[in-house]
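Please walk me through this structure step by step.

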Amino acid sequence: MKQRTIAKSVEIMGVGLHSGNPVRMRLNPAPADSGIVFVREDVNRQIKVAVENVTDTRLATVIANGDVSVSTIEHLLSAVIAMGIDNLEVVLDSDEVPIMDGSSASFCILFEEAGTADQNAVKRVLLVKKPIEIRDGGRFVRLSPGKINEIRFEIRFDHPAISRQEYRFVFSKENYIKEIARARTFGFLKEANYLRSIGKGLGGGLDNAVVLDEKRVLNAEGLRFADEFVRHKILDAIGDMAFLGAPFLGKYEAFAGSHHLNHLLTKSILSDSEAFEIVESESVKEAEKELERVFA
Ligand SMILES: [Zn+2]
């Protein structure tokens, strides 16, 4: 399979979840082997999506080049990975990707509008060669070898609207659009109030997140899926795995995973040369077959 970029430039407007500021985002085709690169046009600086450029994973995934950063990139990255795009330029006039409706559905629609273009270079795949796990108390995230790209996530919250949810996702572009893309981010009212008090989450509200009080979901329209919460965790995990630099062939599993644990996982696997191998898809039959299934 060949590397892919988008066929033409596309643009959307939205607001930043944390800054509350309006932001314009333009997606441009990018050359083969260039990867995913953000451009802050307001300060004329580029920031590449690479594990060493991650500077914060507490409230959102943030990457930086020197003192210039881009925040809340995870939902866009999730859509980029799901669409099988290897090379892309993301131009922003502010420091945050627009939150849209809190899911990646708007980005998927934008990619549909842009279309994809095959490039004159072979797509690479990251083969997971041995299990790598990050644990924090009872929480864990793990990558292990496997013949398909599979994601299994479990969460448990002491909250009647969430409680225990588990989801197994066999990755493909088509399944992603049907099962994952529309799942929104979620947050608790008491945390939202705290965030505002420290000047974060200023663009957040019922139109771009599922918001819960002590007992229930506050959004009038309710949930999009009964298990929307765990589906969103899978959306986040797919975005976080963009830092591997290539789609992975293997199994991702998590219990109560987070952006932070996912970041430690990508860093850990990439620093262990026995844990992975990056191959050209066409040189490994199994990888090529899986890519054709995933990005058909
Ligand atoms: Zn998220």
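**A walk through the model**

Helix α5 (residues 228-240) and helix α6 (residues 259-270) pack with their axes 10 Å apart, at an angle of about 30 degrees. Helices here are DSSP runs of H or I with at least four residues, strands are DSSP runs of E with at least two, and both are numbered from the N terminus. Axes are lines fitted to C-alpha atoms, for helices over the stretch in contact, and angles run from 0 to 180 degrees between N-to-C directions. Two packed helices are described by the angle between their axes and the distance between the axes. The crossing of α5 and α6 is right-handed; a crossing has this name if the near helix is turned clockwise from the far one by less than a right angle, and it is left-handed if the turn is anticlockwise.

This is a predicted model, in which local features need pLDDT of at least 70 and side-chain atom pairs count only at pLDDT 80 or more, while totals for chains, interfaces and linings use all residues. Residues are numbered from 1 along each chain as its sequence is written.

Which residues of α5 and α6 meet? From α5 come Asp 236, Ala 237 and Asp 240, and from α6 come His 259, Asn 262, His 263 and Thr 266. Two residues are in contact if their C-beta atoms, placed from the backbone, lie within 7 Å. By class, this contact of α5 with α6 has one nonpolar, four polar and two charged residues. Ala, Val, Leu, Ile, Met, Phe, Trp, Tyr, Cys and Pro count as nonpolar, Asp, Glu, Lys and Arg as charged, and the others, Gly among them, as polar.

Now take the chain as a whole. Its domain assignment gives domain 1 (2-122) and domain 2 (125-294); such bounds come from an automatic or database domain assignment. The centres of the two domains, taken over C-alpha atoms, are separated by 18 Å. Domain 1 gives 33 residues to the contact, and domain 2 gives 35 residues. On the side of domain 1 that touches domain 2, the elements that give two or more residues are α1 (74-82) and α2 (105-114). The largest share of that side, seven residues, comes from α1. By class, the side of domain 1 that touches domain 2 has 17 nonpolar, 13 polar and three charged residues.

A residue is buried if 20 or more other C-beta atoms lie within 10 Å of its own, exposed if 12 or fewer, and partly exposed in between, with C-beta atoms placed from the backbone. The buried residues of α1 pack against β4, β9, α2, α3 (173-180), α5 and α6. After α1 comes Gly 84, whose phi is positive, near 75 degrees.

Next comes a sheet. It is open, has five strands in the order β2-β3-β9-β4-β5, and its pairing is mixed. Two strands pair if DSSP finds at least two bridges between them. The edge strands, β2 (10-15) and β5 (45-48), each pair on one side only. Neighbouring strands of this sheet are turned by 25 degrees against each other on average, direction ignored. Strand β3 (residues 22-29) and β9 run antiparallel and are joined by five bridges. Leu 27 has Val 90 in β9 as its bridge partner. Helix α2 packs on the sheet, where it touches β2 and β3, and its direction makes about 165 degrees with that of β2.

Some loop residues remain. Gly 102 is found in the loop between β9 (88-92) and α2. Is Gly 102 buried or exposed? Gly 102 counts as buried because it has 24 C-beta neighbours inside 10 Å. Not counting residues up to four places away in sequence, Gly 102 touches Arg 184, Thr 185, Asn 208 and Ala 209.

Asn 44 lies in the loop between β4 (36-40) and β5. Its phi is near 55 degrees, a positive value in a residue other than glycine. With 8 other C-beta atoms within 10 Å, Asn 44 is exposed.
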